[in-house]
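Hi everyone, thanks for coming. Let me put the structure up on the screen, and then I'll walk you through some of its contacts.

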Amino acid sequence: MAATPALAVLVKAGVPHEVVTFDHDPRERSFGAEAVHALTERGIAPDQIFKTLVIAVPGGLSVAILPVAERLSLKAAAAALGVGKASMAESAAAERATGYVLGAVSPFGQRRTLPTVVDAGALAWDRVYCSAGRRGWDVGVSPQDLIRLTNAVTADIRA
């Protein structure tokens, strides 16, 4: 049995993936920076490490996936998703909708499939890393598998 719902989805879909774990400091609140620090020490480029953000859009929630070091353009994300506006979702709403705690929101294995946009920069890499559904766990997958399994659109969503 897979250790998280995210990994279960990848295993079930037969998607090649690499789980990378690191020691998570429970006092740390900059989850993305912690992941970047840990993964770059293993030779993974910072721009390969992606964060999963839940955003509020008219009629519900959506997901935006982009490199940890980048800021999200809410306007660009909204346009890519075909809605008029977007804002960051409330933490509790994001956790309820995805089934993950903040700092461990994975694009895979969420409670409900949410409309998703992946930053087009992901396509420059053979493999990108995102949360595996637990703080201190990331998973590397091809950007094509990330896009396919999340039914995502791609767009330049960096601010």
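This is a predicted model: local features need pLDDT of at least 70, side-chain atom pairs count only at pLDDT 80 or more; totals for chains, interfaces and linings use all residues.

Residues are numbered from 1 along each chain as its sequence is written, and side-chain values use heavy atoms, with hydrogens and water left out.

So, how many salt bridges does that rule give? The count is four. Take Glu 18 and Arg 127, whose side chains meet at 2.9 Å, N to O. When I say helix or strand, I mean DSSP runs numbered from the N terminus: H or I with at least four residues for helices, E with at least two for strands.

Are these two buried or exposed? For that we use relative accessible area with a 1.4 Å probe, protein chains only: buried is under 20%, exposed is over 50%, and partly exposed is in between. Glu 18 comes out partly exposed at 30%, and Arg 127 is partly exposed too, at 28%.

Next, Arg 158 and Asp 119 form a salt bridge at 2.8 Å, N to O. Arg 158 is in the segment after strand 8 (153-155) and Asp 119 is in strand 5, 39 residues apart. Here Asp 119 is buried, at 2%, whereas Arg 158 is partly exposed at 26%.

Then there's Arg 148 with Asp 145, at 2.9 Å, N to O. They are three residues apart in helix 5 (residues 143-149), which means about one helical turn separates them. Arg 148 is partly exposed at 46%, and Asp 145 is buried at 14%. Salt bridges with shared partners also join Glu 70, Asp 119 and Arg 158 into one network.

Now look at strand 6 (residues 128-134). Why call it largely enclosed by the rest of the structure? Because six of its seven residues are buried. Strand 6 pairs with strand 7 (residues 137-141) in the antiparallel sense, over five bridges; two strands count as paired if DSSP finds at least two bridges between them. Together they form a hairpin with two residues between them, and Gly 136 in the turn has a positive phi of about 90°.

The charged end of Arg 134 sits over the Trp 137 ring, 4.4 Å from its centre; the rule is NZ of Lys or CZ of Arg within 6 Å of the ring centre and within 35 degrees of the ring normal.

Last stop, the inside. A nonpolar core is a set of buried Ala, Val, Leu, Ile, Met, Phe, Trp, Tyr and Cys residues joined through side-chain atoms within 4.5 Å. The largest one has 27 residues, and those with the most contacts inside it include Leu 10, Leu 61 and Phe 108. Elements giving two or more residues to this core include helix 1 (5-13), strand 6, strand 7 and helix 5. Apart from it lies another core of 13 residues, among them Leu 66 and Ala 155.
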